[in-house]
Amino acid sequence: MNTHSDNFKVALAISTGMLVLLSGCNRTETPPPNMANPSTTSAAPATTMGVEVDDSVVTTKVKSALLGDADVKGLDIKVETRKGMVQLSGFVDNQLQIDRATAVTRGVEGVKSVESSMTLKNGKLTAGNQIDDGVITANVKSALLAEQNVKSFDIGVVTRKGEVQLSGYVNNQAQIDRAIEVTRSVSGVTGVVNEMSVKK
């Protein structure tokens with residue numbers, strides 16, 4: 001029995017198997033077109049795994065930078081990134097905080113542009129408001145998750161005194177309209193601020 005030859009064959013088989021597996025990783029699947037009505041097919045531009053990873057890294061860096069800045073670290077600012085474009089949303093106290101958050105974000109490596117969707121707070125928030133708003137936010141997120149026509153994982157939800165702000169990037173205007181409609185139907189919601197954008 002030639003042990004050296006057998007070991008070589010095993011190593012060769014493993015190497016060949018790995019090459020086959022790796023070659024499959026680079027393949028991209030294209031879904032079939034809508035044959036019933038081709039004109040209605042409006043898929044969002046594809047995002048590669050590399051871009052998604054880069055965007056999540058940029059989001060993490062922006063969040064860290066905002067937390068590290070004394071003027072904005074205590075604010076509830078949502079950060080969404082799509083192909084290097086960062087969207088900031090949430091409720092802040094004044095315009096200076098909006099300007100500072102935008103400036104800090106622009107200084108982060110990998111950020112190509114900044115879209116400010118932050119909203120100024122109206123009036124003082126009580127402890128009761130905060131609890132109610134937390135419940136409303138949870139209920140809105142649940143309602144959006146249950147809605148098949150809305151890609152809810154891409155939508156940020158922030159509530160202040162019953163007013164809900166929706167932000168993030170979605171595939172089309174129909175998803176924006178449906179997300180707003182679903183949010184309005186949630187008990188306790190007094191208004192909806194739309195800061196969602198269609199993916200480019």
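The following legends accompany several views of a predicted model of one protein.

**View 1. Overall fold of the predicted protein.** The secondary structure comprises five helices and six strands, which follow one another along the sequence in the pattern α-α-β-β-α-β-α-β-β-α-β. Of the 200 residues in the protein, 34% are buried, and the protein exposes about 12,300 Å², of which carbon and sulfur atoms supply 56%. Among contacts between residues at least 6 apart in sequence, 67% join residues at least 24 apart.

**View 2. Confidence along the model.** The protein has an average pLDDT of 77, and 68% of the residues score at least 70. Among the elements, helix H5 (residues 173-184) has the highest mean pLDDT (93), whereas helix H1 (residues 3-25) has the lowest (51). Over residues 18-42 the pLDDT stays under 50, and for this stretch the model has three contacts beyond four places in sequence. Where pLDDT is low, the predicted coordinates should not be read in detail.

**View 3. The open sheet of three strands.** The strands of this sheet lie in the order S1-S2-S3, and their pairing is mixed. Strand S1 (76-82) and strand S3 (113-120) are the edge strands, each pairing on one side only. On average, neighbouring strands of the sheet are turned by 15 degrees against each other, direction ignored.

**View 4. Strands S2 and S3, with helix H3.** Strand S2 (residues 85-92) and strand S3 run parallel and are joined by eight bridges; Gln 87 has Glu 115 in S3 as its bridge partner. Helix H3 (residues 95-106) packs on the sheet and touches S1, S2 and S3, and the direction of helix H3 makes about 160 degrees with that of S3.

Note on methods. Residues are numbered from 1 along each chain as its sequence is written. This is a predicted model: local features need pLDDT of at least 70, side-chain atom pairs count only at pLDDT 80 or more; totals for chains, interfaces and linings use all residues. Side-chain values use heavy atoms; hydrogens and water are left out. Helices (H or I, at least four residues) and strands (E, at least two) are DSSP runs, numbered from the N terminus. Buried means under 20% relative accessible area, exposed over 50%, partly exposed in between (1.4 Å probe, protein chains only). Contact means heavy atoms within 4.5 Å. Accessible areas come from the Shrake-Rupley method with a 1.4 Å probe; for residues, only the protein chains shown count as cover. pLDDT is the predictor's confidence in each residue, from 0 to 100. Two strands pair if DSSP finds at least two bridges between them. Axes are lines fitted to C-alpha atoms, for helices over the stretch in contact, and angles run from 0 to 180 degrees between N-to-C directions.
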